[in-house]
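Please look at the sequence and the structure before reading on.

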Amino acid sequence: MTHAADLPAWAALPTAFFLLLGSGLTLLGAIGLLRFGSFYERVHAPTLGTTWGAGGILIASMICFTVLQSRPALHEILIAAFVIVTTPVSLMLLARAALYRDRTENNGGVPAFEAESEGTDGEASPKSSDQKQTKGQ
Amino acid sequence: MSATILIWSITVAQLFLLAAMACAVARMVLGPRAQDRVLGFDALYVCAMLLLLTFGIRTGTTIYFEAALVISLLGFVSTVALAKFLMRGEVIE
């Protein structure tokens, strides 16, 4: 911890604030992931950790390294941009896969095939409907 | 003074992130179906990436940043592959 004394107080305070903000929001999202009732509610919860959770900690890291190295440290923007781009894509794919599984197994509470326009679901149904019955979990 | 603020906030942030990882692991273990486990895994690697970033702030080196970047890249690919496996029954057709 030699570098922590080098950091002036006007930089240490925002760093601490953004660290606590980001980690607290990540913890809130994880608690929501644990406590929500159904999958379609749960899929919303971790996005709290990937938007402001990652954003707060990356801003704290940018402030800390910018002041420590006395030049702009902008490489954290790389992680921020990547997380912001990839999280909606992966969670939307996961939600569509879960919706497809619920439809093929005739679980209640999800809209039927006809309720939505046929995209990839329509062409996927005849091929793998027999596999889904045997796989279960 | 600033060292005390920084050390305590980093420690509290790491404890929060560890608790978040514990929640994600609990969802992976409890999860009634496969998609819940994949969702818990997704939250787990995001929390691990943020924990590595806090380690980087604590030690003052940028080595941890590259590990966090690799985790975020590979985690996205693994989540997409698992979602495709859940949907089609195989990853590469």
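The model is predicted.

**The interface**

Chain A and chain B touch through 68 residues of chain A and 58 residues of chain B. The size of an interface is often given as the accessible area lost when the parts come together. For chain A and chain B, the buried area is about 5100 Å². Carbon and sulfur atoms give 75% of that area. On the side of chain A, the residues that lose the most area to chain B are Leu34(A), Ile79(A) and Leu94(A). Together, Leu34(A), Ile79(A) and Leu94(A) account for 11% of what the side of chain A buries.

**Pairs across the interface**

Three salt bridges are found across the interface of chain A and chain B, and the count over all chains is also three salt bridges. Arg42(A) is in helix H3 of chain A and Asp36(B) is in helix H2 of chain B, so this pair joins two chains. Arg42(A) and Asp36(B) form a salt bridge in which the closest N and O atoms are 2.3 Å apart. Six residue pairs are in polar contact between chain A and chain B, counting pairs with both residues at pLDDT 80 or more.

Which helices of chain A supply at least two residues each to the side that touches chain B? They are H1 (3-6), H2 (9-35), H3 (39-42), H4 (47-69), H5 (76-104) and H6 (120-135). H5(A) gives the largest share of this side, 17 residues. By class, the side of chain A that touches chain B holds 38 nonpolar, 19 polar and eleven charged residues.

**The cavities**

The count of cavities of 30 Å³ or more is four.

| Cavity | Volume | Lining by class |
|---|---|---|
| Largest | about 80 Å³ | five nonpolar, four polar, one charged residues |

The lining of the largest cavity includes Phe82(A), Val83(A), Thr86(A), Thr87(A) and Ser90(A) from chain A. From chain B, the lining of the largest cavity takes in Asp42(B), Tyr45(B), Val46(B), Met49(B) and Ser72(B). H5 of chain A and helix H2 (34-59) of chain B each supply at least two residues of this lining. The largest share, five residues, comes from H5(A).

Technical notes: Residues numbered from 1 in each chain as written. Chains lettered and ligands numbered in written order. Predicted model: local features only at pLDDT ≥ 70, side-chain atom pairs only at ≥ 80, totals over all residues. Heavy atoms only, no water. Contact = heavy atoms within 4.5 Å. Buried area = accessible area lost by both parts, 1.4 Å probe. Salt bridge = Lys/Arg side-chain N within 4 Å of Asp/Glu carboxyl O. Polar contact = N/O pair within 3.5 Å; in protein donor to acceptor, adjacent residues only side chain to side chain. Helix = DSSP H or I, 4+ residues; strand = E, 2+ residues; numbered from the N terminus. Nonpolar A, V, L, I, M, F, W, Y, C, P; charged D, E, K, R; others polar. 1 Å grid on protein atoms, 1.4 Å probe; cavity = no way out; pocket = protein on both sides within 12 Å on 5 of 7 lines; lining within 4 Å. Points joined across faces, edges and corners; volume = space filled by probe spheres on them.
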